[in-house]
Structures are given as C-alpha cells and as structure tokens.
2 protein chains.
Amino acid sequence: MDSTKSKCVLLTGGAGYVGSHTIIPLIESGYEVVVLDNLSNACKGNEGQNPVPISQVEKLVGKPVTFYNVDLLDYDSLSKVFDKHNFCCVIHFAGLKAVGESCIIPLTYYRVNVSGSINLFQVMKEHNVKKLVFSSSSTVYGEPQFLPITESHPVGQNLLNGYAKSKYYIEGIIQDLCNSDKEWFVIILRYFNPVGAHPSGTLGEDPTGIPNNLMPYVAQVAVGNRPCINVFGNDYNTIDGTGVRDYLHIMDLAEGHVSALKKLQNADENGAIAINLGTGNGYSVIQVIDMFSQVSGQKVKYDIVDRRSGDCASSYCDASFAKSYLGWEAKRTLKEMCEDTWRWQSSYPQGFLTKK
Amino acid sequence: MDSTKSKCVLLTGGAGYVGSHTIIPLIESGYEVVVLDNLSNACKGNEGQNPVPISQVEKLVGKPVTFYNVDLLDYDSLSKVFDKHNFCCVIHFAGLKAVGESCIIPLTYYRVNVSGSINLFQVMKEHNVKKLVFSSSSTVYGEPQFLPITESHPVGQNLLNGYAKSKYYIEGIIQDLCNSDKEWFVIILRYFNPVGAHPSGTLGEDPTGIPNNLMPYVAQVAVGNRPCINVFGNDYNTIDGTGVRDYLHIMDLAEGHVSALKKLQNADENGAIAINLGTGNGYSVIQVIDMFSQVSGQKVKYDIVDRRSGDCASSYCDASFAKSYLGWEAKRTLKEMCEDTWRWQSSYPQGFLTKK
C-alpha cells in the first residue's frame with residue numbers, strides 16, 4: 001500500500017474532547033477519518049452504536065465515521081486496525097489528562113500514556129506509517145522562565161505531576177525514534193488551554209465528575225449544576241491578581257491539527273518538531289468569569305481561596321512559529337469561547353446524556 | 001502474608017551479569033532468592049535446566065535457586081510469580097543496557113525498560129510488595145558538570161541515548177509512585193562502571209557479540225579472541241589523554257545490593273533515595289589496559305582512534321553517601337578487577353558455552 005496517496009487518518013482518543021472536534025475540519029478538508037478509543041473517558045453510545053460524541057459528529061458532517069473500541073495497550077487489536085486501513089498519518093490524542101489525578105495514580109498515567117504510546121509507535125513502525133501528530137501540552141515547560149513561552153523554552157525541568165512528565169517522556173521517545181529512523185516525521189503540538197465547543201451547541205467537553213479546568217467549571221456554575229467556583233489566589237502579579245492563562249478555542253485547535261497534517265503530507269521533511277498552539281494572549285481567571293457571566297447572562301459566583309501548589313502567575317505562548325511553519329493562527333476570541341461553551345452547556349446541561 | 005518477616009527476594013534480570021553475581025552474597029546473607037529473567041541476553045541452559053549463570057551460582061553457593069523464564073511485559077505471568085511467593089523486596093535488574101544499540105532501536109529499549117518497569121511496579125503494588133532496589137546508572141547525570149559526581153548533580157539534562165533516558169524516566173516514575181503512596185521505600189542505585197568477575201573464575205560477564213564496554217573487550221583481546229582494541233581519543237584533559245571512568249568490582253557492586261536490601265528491611269523510612277555506587281576513583285583507558293596486560297601477562301594491543309561522540313573526559317563519583325547511608329564501600333582494587341576478569345576470561349574464553 002502506498003501511504004503517500006492515502007487520505008485516511010487514524011485518530012487515537014478520537015472520541016475525546018479534542019479528538020471529536022478535530023474530526024469535523026478533517027472531514028471538511030477531504031480526509032477519511034478512523035477513530036480508535038477505549039472509551040475510558042468518553043460517553044458510550046447504546047449497544048451497537050458509536051459513542052455519543054462520534055454520533056454527534058456524524059450528524060454535523062453528514063457522513064459515517066469508522067470507530068474501533070480498542071485500547072492502545074492491546075497490541076494485537078491495535079495491529080489489526082492497522083491491517084485493515086491504509087493510514088497516511090496518525091493523530092495521537094489518546095491519554096489520561098487530569099493533572100491532579102496523575103499525582104494520585106501515577107502508575108496508571110504512565111501505563112496508559114507512556115506504555116500506550118510506545119505500543120502505538122511500534123505498531124505504526126511495523127505498518128510503515130511514520131507520520132504522526134502528537135498531542136503534547138504546555139505543561140512540559142514547567143513553571144515559565146520567561147514569557148511569552150517559545151518552543152525553545154526549557155522543557156522537563158521540575159515537572160510536578162505525572163501528567164506533565166508523561167507528555168515530556170513521550171516527546172523524548174519520539175525524538176529518539178526520529179533520530180534512529182529518518183523516515184519518521186512527527187509534529188508535536190503543545191496545547192495551551194483548549195476551551196469552548198462546536199458552535200452548533202451539539203458537541204462540547206463533557207467532563208466526568210468535577211471538572212478539572214476553569215471553563216467547564218464556570219459553565220457548570222452558570223447553568224446551576226454547581227453553586228460556586230473557587231479561585232485559587234488573587235495575589236499573583238497579574239492584571240487583577242488571579243492567574244493568567246492562554247485559552248484557545250477548541251475549533252481553532254482542531255484546525256491546527258488539519259494544518260499539521262497537511263504539513264506532514266506536503267513537506268519533504270523528517271524529524272520531530274514541537275509547536276505551541278495557543279492564541280498568544282493571556283486572560284485572568286476573573287476576566288474569564290466576567291466574560292462568561294456577560295455572554296450567559298448568569299451571575300457566576302466565585303470564592304477567593306488559597307493559592308494551589310504548582311500554579312504559576314502567568315502562562316501564555318509565543319504563537320508565531322505555528323503561523324510561520326504551519327500557516328495557522330487562532331482566530332476566535334475569548335467572547336466566542338465563552339459563547340460556544342455556554343451554547344453547549346445550556347443545551348446539554350448534563351452533558352451528552354442530557355434527556356432532550 | 002506478612003512481607004515484613006519474609007527473607008525472600010525477587011531478582012528481575014537475575015540471570016544477567018550484575019544479577020547473577022548478586023545472588024551469591026544474598027544467599028550468604030541468609031536471603032532466599034527467586035530469579036526471573038526472559039533470557040534475552042543470558043546464556044540458556046539445556047532443556048529443563050536453569051540458565052547457565054544460575055547453574056554456576058548454584059554450584060558456588062551449594063543451594064538451588066528458583067528460576068522463572070518470564071518477561072516483565074507479560075503481566076499475567078509476572079503476577080503469577082508474585083502469587084506463588086511472599087517477597088519482602090524486589091531487586092529490579094532487568095533491562096536492555098547497550099548504549100549504542102539504544103540509539104538504533106530506541107522503541108525496543110523504551111518498551112523493555114520503561115513499559116517493563118511500569119508493569120513490574122503495578123504487579124508489586126497489587127501484591128503489596130513496596131520495597132524495591134532499582135538498577136539505575138551514572139548515565140542519568142549526562143555530561144558531568146562537576147567532579148566528583150554527587151547524588152545532587154543534575155540529572156536528565158542533554159541525555160544523548162535511549163538507555164540513559166530510559167533509566168532517567170524510570171527514576172521519575174519511581175519518584176511519583178513514592179509521592180503518591182507513602183508505603184513505598186525505594187533505593188535507586190546509580191552504578192558507575194561494573195567490571196570483574198567472581199573470584200572463582202566460573203562466573204563472569206558473557207557479552208553477546210562485540211563487547212560494548214572496555215574491560216570485556218580488553219579481556220577478549222588478551223585471550224586472543226580479538227586482535228586489538230580501539231581507544232577513542234587520547235587528547236582529553238586527563239592523566240594520559242584517554243577517558244577516565246570509575247570502575248567498580250562486580251562483587252563490590254553485588255554487596256552494595258545486600259546493603260541496600262538490609263536498609264530497606266531495617267530502616268523505618270519511605271520514599272525514593274538515589275545512591276551512587278562506585279569507588280570514587282577514576283582510571284584512564286590506558287591505565288586499565290596496562291593493568292590488564294600486567295596481570296594477564298599478555299600484551300593488549302590498542303589503536304588510538306577518533307573521539308566517540310557523546311563521550312566525556314572524566315567521570316567518577318563521590319561515593320561518600322553510600323558509605324554513610326548504607327554502610328557500604330568498595331573494597332576491591334583495579335588490580336583485583338583485572339585479575340578476576342582474566343581468571344574468568346582465560347577459563348572461559350568463549351564465555352559460559354566454552355567446551356571444557
């Protein structure tokens with residue numbers, strides 16, 4: 001099989017938040033998408049049906065999406081998926097992602113993220129699929145030593161949790177893999193803070209249990225699921241004392257993956273290249289809460305509490321390399337991030353399983 | 001089962017060079033030893049018999065050693081070994097260790113070393129065995145920033161090969177594991193350069209193919225298996241221009257593991273603690289060759305060739321922490337390292353399978 005002519009892409013973890021949203025611009029750009037997910041953190045469908053986020057995507061794009069319920073740790077099943085399809089590339093979203101949880105059950109994080117990735121890369125190699133987009137994270141930078149964070153900022157220093165370390169280790173493994181075999185071409189995307197939802201309001205982030213991140217928590221307060229949000233510290237050296245982060249609309253992030261994929265297919269390059277995906281702008285916790293209150297028309301109650309260990313004052317990226325190298329930049333504003341989150345949250349206040 | 005009263009120790013990779021030698025002082029100190037090895041780099045025995053290094057050890061200690069041919073990546077088989085025995089501790093030697101090879105087949109190195117360790121730790125946790133000695137390496141320090149290298153020397157910076165990185169990653173995973181569960185107590189031993197053989201001459205290092213390390217190569221030249229050894233650079237800033245390393249007699253190293261095990265059993269501590277195992281003295285390549293020529297009575301021919309990328313001028317440890325914390329220090333001289341290597345090499349010029 002000649003993978004250079006294929007437009008079939010495998011998305012590991014494709015039923016998750018970032019994965020499911022990315023299917024849409026991929027299909028709109030003419031790619032055929034195959035999704036693989038173990039559904040450990042995604043909404044299952046009824047017996048015999050695709051998981052709910054995938055069904056929602058199918059309605060939005062008007063096409064069926066091939067789905068496999070396969071775990072990356074299951075080498076043989078993974079290999080069979082590669083036997084069935086002629087993938088041009090893999091986008092590797094699969095992984096556990098809750099920073100706090102990774103400190104409680106680190107072995108599970110390393111097993112799923114690191115051992116799972118090693119299995120995936122081995123199966124790719126055996127099937128001669130050597131183009132990869134990898135979902136990394138701005139957490140590999142640790143506490144910022146300078147701002148904005150460029151791709152040459154040191155990585156791997158004083159990482160405080162297993163999540164960040166697992167991403168850093170996988171980046172290191174990818175680097176060695178590319179050094180050992182010049183046929184590999186890998187784009188490592190270091191996400192800043194993905195938020196928002198598809199503008200239809202039918203697809204969004206559906207966290208299990210208590211949300212780990214600001215925007216879904218704010219949305220749940222606005223919709224009345226939770227009474228109040230804790231703000232961890234208001235004495236940072238920032239515009240209003242609360243922590244500043246680089247929030248990125250999920251559809252911008254999704255489109256960033258399409259740009260990366262096109263680069264993998266069209267550029268005659270090899271090796272591993274890391275790219276920040278963010279807007280380059282920082283917003284404080286209070287700015288996000290205020291904007292969300294404004295667009296939702298709901299008063300979002302918050303309490304100022306103690307700083308949380310491991311948090312820094314500000315983190316935002318230099319997004320210029322993504323623009324020059326991929327021709328991609330974020331287009332959507334904080335207002336759109338809040339509006340789209342609110343449309344999703346108010347349409348599906350209990351997530352995908354909301355009774356309609 | 002009360003693991004605190006057990007004196008049964010599991011040695012992963014126990015048929016390898018360091019593992020097999022360590023069995024001897026363990027048994028002499030009253031431990032019961034169970035060996036697990038996948039024999040990927042050890043000399044197999046005849047059908048139904050233990051691997052040859054284990055048989056040799058059994059002759060030396062006059063006792064049988066329980067052996068399992070199990071791969072750490074085989075979770076179920078590994079778990080069954082833990083079901084059968086009441087281990088007090090595990091000494092985790094298993095792993096691939098050829099620096100050069102790790103640059104050629106990095107995925108295999110990460111799979112065996114990192115995924116294998118994650119499996120082991122998970123099985124240990126499930127069986128409530130939370131005391132571990134881990135075979136790490138001085139390579140985690142990268143190029144020395146100061147000498148002698150103390151345990152507080154930075155680790156993980158600019159590591160140039162998958163072997164070193166795999167050891168560094170496993171150390172990081174152990175650290176998170178110990179942070180997440182205060183019942184774990186792990187001693188990480190950072191070996192400098194283990195050489196030599198058991199003084200009986202019946203047990204030693206038996207490298208497959210071309211030896212990766214200096215001493216076995218020198219021994220093979222002395223015994224006539226190879227014509228000449230390449231010395232990589234003689235223009236370093238050292239006593240004679242050749243690279244200086246901290247060589248450690250394998251029996252000293254073996255005894256270091258017994259000291260670590262006693263500490264794990266007797267000290268009421270937890271967490272992960274890293275300890276250098278070396279002599280604290282450095283010898284140059286030429287000094288080693290000269291000493292080997294002297295004790296063997298054989299002229300060891302060498303050629304000076306270009307420096308090898310990734311090599312540094314000098315590396316030797318500060319061995320004082322091992323002495324204060326474990327009560328261990330290396331006792332054997334470079335002369336004994338060469339003598340014992342020569343006794344083994346001249347008795348077994350083709351390794352364990354030498355026809356007698």
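Predicted model: local features only at pLDDT ≥ 70, side-chain atom pairs only at ≥ 80, totals over all residues.

Trainee: Let us begin with strand 1 of chain B. How many of its residues are buried?

Mentor: The cut-off to keep in mind is under 20% relative accessible area for a buried residue. All 5 of the 5 residues in strand 1 (residues 8-12) of chain B are buried, so the strand is largely enclosed by the rest of the structure.

Trainee: And which way do the side chains of that strand point?

Mentor: The general idea is that in a regular strand the side chains alternate between the two faces of the sheet. Here Cys8(B), Leu10(B) and Thr12(B) point one way, while Val9(B) and Leu11(B) point the other way, and all are buried.

Trainee: Which strands pair with strand 1 of chain B, and over how many bridges?

Mentor: One partner is strand 2 (residues 32-37) of chain B, which runs parallel to strand 1 and is joined to it by 5 bridges. Within that pairing, Leu36(B) lies opposite Thr12(B). To get from strand 1 to strand 2, the chain passes through helix 1 (residues 17-28) of chain B, making a right-handed β-α-β crossover. Strand 4 (residues 87-92) of chain B also pairs with strand 1 in the parallel sense, over 5 bridges. There, Cys89(B) is the bridge partner of Val9(B).

Trainee: Now a loop residue. Is Ala98(B) buried or exposed?

Mentor: Ala98(B) sits in the loop between strand 4 and helix 4 (99-104) of chain B. Its relative accessibility is 11%, so Ala98(B) counts as buried.

Trainee: Which residues does Ala98(B) touch?

Mentor: Leaving aside residues up to four places away in sequence, Ala98(B) touches Tyr109(B) and Asn212(B). Asn212(B) is 114 residues away along the chain, yet the two C-alpha atoms are separated by 6.7 Å.

Trainee: What polar links cross the interface of chain B and chain A?

Mentor: There are 2 salt bridges, and 9 residue pairs are in polar contact. One of the salt bridges links Lys165(A) with Asp176(B), whose closest N and O atoms are 2.8 Å apart.

Key:
Residues numbered from 1 in each chain as written. Chains lettered and ligands numbered in written order. Heavy atoms only, no water. Buried < 20%, exposed > 50% of the residue type's maximum accessible area, 1.4 Å probe, protein only. Helix = DSSP H or I, 4+ residues; strand = E, 2+ residues; numbered from the N terminus. Pairing = 2+ DSSP bridges. Right-handed = clockwise from strand over helix to strand, strands pointing away. Contact = heavy atoms within 4.5 Å. Salt bridge = Lys/Arg side-chain N within 4 Å of Asp/Glu carboxyl O. Polar contact = N/O pair within 3.5 Å; in protein donor to acceptor, adjacent residues only side chain to side chain.
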